[in-house]
Number of protein chains: 2
Amino acid sequence: MNRLLSNVSIQVNDAIYLKNPESSDLGKRIITGSIDMIDELGFEHFTFRKLGKKIGSSEASIYRYFESKHKLLVYLTSWYWGWMEYRLVFRLSNIDSAKERLLRAITLLTEQIEEDQSFSHINEAKLNRIVIAESAKAYLTKEVDQDNQEGFFGVFKQIVERVSLIILEINPAYKYPHMLISTMIEGAHHQRYFAAHLPKLTDIVKGEDSVTRFYKELAIKAIEPQS
Amino acid sequence: MNRLLSNVSIQVNDAIYLKNPESSDLGKRIITGSIDMIDELGFEHFTFRKLGKKIGSSEASIYRYFESKHKLLVYLTSWYWGWMEYRLVFRLSNIDSAKERLLRAITLLTEQIEEDQSFSHINEAKLNRIVIAESAKAYLTKEVDQDNQEGFFGVFKQIVERVSLIILEINPAYKYPHMLISTMIEGAHHQRYFAAHLPKLTDIVKGEDSVTRFYKELAIKAIEPQS
DNA sequence: CAATATTGATAGTATCGCTACTATATTTGT
DNA sequence: ACAAATATAGTAGCGATACTATCAATATTG
């Protein structure tokens with residue numbers, strides 16, 4: 001999917017950054033560079049000092065945009081979910097059937113992201129890999145409650161809520177829509193990671209996107225009224 | 001569940017440690033102390049120096065047992081899965097019905113662990129909390145392929161394989177048994193974490209164990225032959 | 001009781017996460 | 001036009017972390 005509207009930009013909760021990285025050239029280089037570097041080195045080996053060197057700036061300058069590397073990771077995942085929500089709304093608009101909307105949502109949320117450069121300075125395919133491999137580290141911390149209170153995970157919760165509402169359209173009696181959707185989104189990420197690194201934990205059928213197919217089947221069967 | 005056999009101890013892949021912590025008093029204090037400390041501070045804030053102080057030993061001595069804090073985390077999760085497999089085998093023995101065995105396995109793998117002190121120096125309830133909040137950090141690293149090659153995740157893969165085989169007994173045509181089980185195990189952990197910290201991502205029905213119930217329903221519906 | 005393994009104390013290296021301070025560029029008011 | 005105000009970038013450094021090396025003290029064992 002290419003960029004839908006050229007004059008749209010993804011808004012990120014402004015409590016996540018000290019200075020908006022979209023507001024300057026250096027800011028954009030920080031985002032582009034950090035995506036490249038986290039994808040390449042992993043979050044643990046990634047540091048602001050290395051990033052500064054790479055993008056021809058300094059550690060202290062990066063700290064003017066983000067107060068910690070944790071916040072930068074939160075920013076990246078938050079941007080990603082903002083972008084996903086934007087794509088989700090487009091893909092579901094004008095589709096009458098709730099079931100069709102659900103299937104489209106599952107496809108969007110579980111499929112692999114291709115290189116398509118829809119936002120100039122952000123490589124969405126790399127960012128997808130980062131979200132798969134690193135985003136759990138953004139909330140699996142002792143600071144999760146504070147971060148949550150500041151609204152850092154709001155966009156993600158919104159997506160889960162949106163898709164849950166579609167499920168309730170299909171079966172208003174279904175008791176676990178949020179569990180199903182959050183299980184599916186996080187599960188799909190894990191399955192892609194397992195396919196690459198721990199294949200014994202998955203079932204890869206070549207020539208098909210098993211991950212998306214598996215979760216579509218799972219969801220449809222789960223929400224169909226008890227027989 | 002109390003300890004099943006007093007003369008049984010859980011074996012952990014010996015490539016994970018430098019010196020077996022079960023082999024000495026200091027080793028056991030390292031395990032007990034690290035479980036307390038990681039549960040309390042989280043893996044990021046946990047250091048060998050702090051642990052040494054807490055258990056009345058030194059940083060250098062701890063390094064004689066584990067070459068890094070990453071390896072210690074791998075040890076703890078590996079012990080946990082070894083313990084789970086042992087309980088799993090007991091709980092499923094002498095049960096003829098495959099469906100009943102599957103339901104028991106799901107209960108075991110998704111339920112909350114109570115304080116029961118079945119192995120003297122290991123608090124399984126705390127360890128369960130650590131596995132929920134920290135175990136993803138044991139494999140979401142750039143070193144995952146090396147670690148996997150050394151067999152660090154073997155026990156976990158074995159559990160997934162065991163339960164997958166039960167699914168295939170029920171429906172030999174089901175295409176995604178491993179995906180279903182690994183999604184379920186990791187998913188249940190996430191749901192418990194979400195219930196505590198990001199409740200908008202789950203559906204808590206008070207008075208019931210929604211997590212276990214949700215995954216039981218999900219699995220049974222998923223593997224039932226296509227109608 | 002001698003040989004050996006285990007532990008502890010101390011100090012050291014390299015890097016990390018982060019900050020105080022300084023220098024330079026840009027904008028603004030008169 | 002030009003100095004003052006402001007925004008932005010870079011240098012240097014601090015305390016902590018992850019881990020290692022050395023050596024003496026103390027158990028353990030054969």
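B:Thr107 sits in helix H5 (residues 98-110) of chain B; helices here are DSSP runs of H or I with at least four residues, numbered from the N terminus. This is a predicted model, where local features need pLDDT of at least 70, side-chain atom pairs count only at pLDDT 80 or more, and totals for chains, interfaces and linings use all residues. Residues are numbered from 1 along each chain as its sequence is written, chains are lettered from A in the order in which they are written, and side-chain values use heavy atoms, without hydrogens and water.

**B:Thr107**
- B:Thr107 counts as buried because its relative accessibility is 18% (buried: under 20% relative accessible area, 1.4 Å probe, protein chains only).
- Beyond neighbours within four places in sequence, B:Thr107 contacts B:Arg91, B:Thr212 and B:Lys216 (contact: heavy atoms within 4.5 Å).

**Largest pocket**
- The largest pocket has a volume of about 840 Å³.
- Its lining has 33 residues; A:Phe43, A:Glu44, A:Lys69, A:Lys137 and B:Glu44 are closest to its centre.
- A pocket is an open set of points on a 1 Å grid over the protein atoms alone, where a 1.4 Å probe fits, with protein on both sides within 12 Å along at least five of seven lines; lining residues have an atom within 4 Å of a point.
- Volume is the space filled by probe spheres set on the points, which are joined across faces, edges and corners.

**Second largest pocket**
- This pocket holds about 400 Å³.
- Its lining has 21 residues, with A:Asp39, A:Arg129, A:Ala133, A:Tyr193 and A:His197 nearest the centre.
- H6(A) gives the most to this lining, seven residues.

Notes. Helices (H or I, at least four residues) and strands (E, at least two) are DSSP runs, numbered from the N terminus. Buried means under 20% relative accessible area, exposed over 50%, partly exposed in between (1.4 Å probe, protein chains only).
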